[in-house]
Amino acid sequence: MKHYTVAELTVTDRGWARDYIASVTPMVERYGGRYLARTTACEKLEGQRESPQVALLIEWPDEQSALEFYECDEYRPYRERRRAGSRGEFLLVAGEDVNRVARVGE
């Protein structure tokens with residue numbers, strides 16, 4: 001089953017970003033991930049939280065691929081630099097409809 005990384009970030013120190021993007025993008029792809037969105041064009045439709053500066057969505061072939069990428073030694077220093085230079089939320093979302101009504105992941 002496909003899984004998705006959904007992230008909202010506010011960058012507090014831009015020093016990590018250029019190297020992160022250049023290095024992590026091909027790394028994600030080697031683990032089977034595909035960026036569906038990485039953008040600053042975020043329009044809040046509802047909710048109480050502050051809007052993020054950056055939103056991203058990565059599609060993974062399965063949960064294992066996403067977790068292998070996230071926990072790999074190669075990604076670790078980039079993850080630590082991102083955490084030090086931003087604040088945000090990262091979620092791993094299963095590509096399913098628990099109600100089995102919507103067509104998901106087609």
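Ser65 touches Tyr31 and Trp60 when residues up to four places away in sequence are not counted, a contact being a pair of heavy atoms within 4.5 Å. Ser65 belongs to helix 2 and is buried, with a relative accessible area of 12%; here buried stands for under 20% relative accessible area and exposed for over 50%, with partly exposed in between, as computed with a 1.4 Å probe on protein chains only.

The model is a predicted one, in which local features need pLDDT of at least 70 and side-chain atom pairs count only at pLDDT 80 or more, whereas totals for chains, interfaces and linings use all residues. Residues are numbered from 1 along each chain as its sequence is written, and side-chain values use heavy atoms, with hydrogens and water left out.

## Helix 2 and its surroundings

Helix 2 spans residues 63-71, and Ser65, Ala66 and Phe69 are its buried residues. Helices (H or I, at least four residues) and strands (E, at least two) are DSSP runs, numbered from the N terminus. Seen down the axis of helix 2, the buried residues fall within an arc of 100°, so they line one face of the helix; the arc is taken over the directions from the helix axis to the C-beta atoms. An α-helix has 3.6 residues a turn, so residues three or four places apart point the same way. The cover over the buried residues of helix 2 includes helix 1 (17-30), strand 3 (54-60) and strand 4 (86-94). At the N-terminal end, helix 2 is capped by Asp62, a side-chain oxygen of which lies 3.3 Å from the backbone nitrogen of Gln64. A polar contact is a pair of N or O atoms within 3.5 Å; within protein, one must be able to donate a hydrogen and the other to accept it, and residues adjacent in sequence count only if both atoms are side-chain atoms.

## The nonpolar core

Phe69 also takes part in the largest nonpolar core, which has 18 residues, and Val24, Met27, Phe69 and Tyr75 are the ones that touch the most other members. Such a core is a set of buried Ala, Val, Leu, Ile, Met, Phe, Trp, Tyr and Cys residues joined through side-chain atoms within 4.5 Å. Strand 1, helix 1, strand 3 and helix 2 each supply at least two residues of this core, and the largest share, five residues, comes from helix 1. With neighbours within four places in sequence left aside, Phe69 is in contact with Val24, Met27, Val28, Tyr31, Trp60 and Tyr75. In soluble globular proteins, nonpolar side chains tend to be buried together.

Four strands form an open sheet in the order 2-3-1-4, with antiparallel pairing. Its edge strands are strand 2 (34-39) and strand 4, each of which pairs on one side only, and neighbouring strands of the sheet are turned by 10° against each other on average, direction ignored. The angle is defined between axes, which are lines fitted to C-alpha atoms, for helices over the stretch in contact, and angles run from 0 to 180 degrees between N-to-C directions. Two strands count as paired if DSSP finds at least two bridges between them. The pairs are set out below.

| Strands | Sense | Bridges |
|---|---|---|
| Strand 2 and strand 3 | antiparallel | five bridges |
| Strand 1 and strand 3 | antiparallel | seven bridges |
| Strand 1 and strand 4 | antiparallel | nine bridges |

Seven of the nine residues of strand 1 (residues 3-11) are buried, so this strand is largely enclosed by the rest of the structure. His3 stands opposite Trp60 in strand 3, while Glu8 has Glu89 in strand 4 as its bridge partner.

Leu56 lies in strand 3, where it stands opposite Arg38, and it is buried, with a relative accessible area of 12%. Apart from neighbours within four places in sequence, Leu56 is in contact with Thr5, Val6, Ala7, Ala37 and Arg38.

Ser86, in strand 4, is buried at a relative accessible area of 9%. The side chain of Ser86 reaches the backbone oxygen of Arg82 at 2.6 Å, and, with neighbours within four places in sequence left aside, Ser86 is in contact with Leu9, Thr10, Val11, Thr12 and Trp16.

## After strand 4

Arg100 is placed in the segment after strand 4 and counts as exposed, at 76% relative accessibility. Arg100 has a positive phi of about 55° although it is not a glycine. As for separation, Leu56 and Ala102 are 46 residues apart in sequence and 23 Å apart in space, C-alpha to C-alpha.
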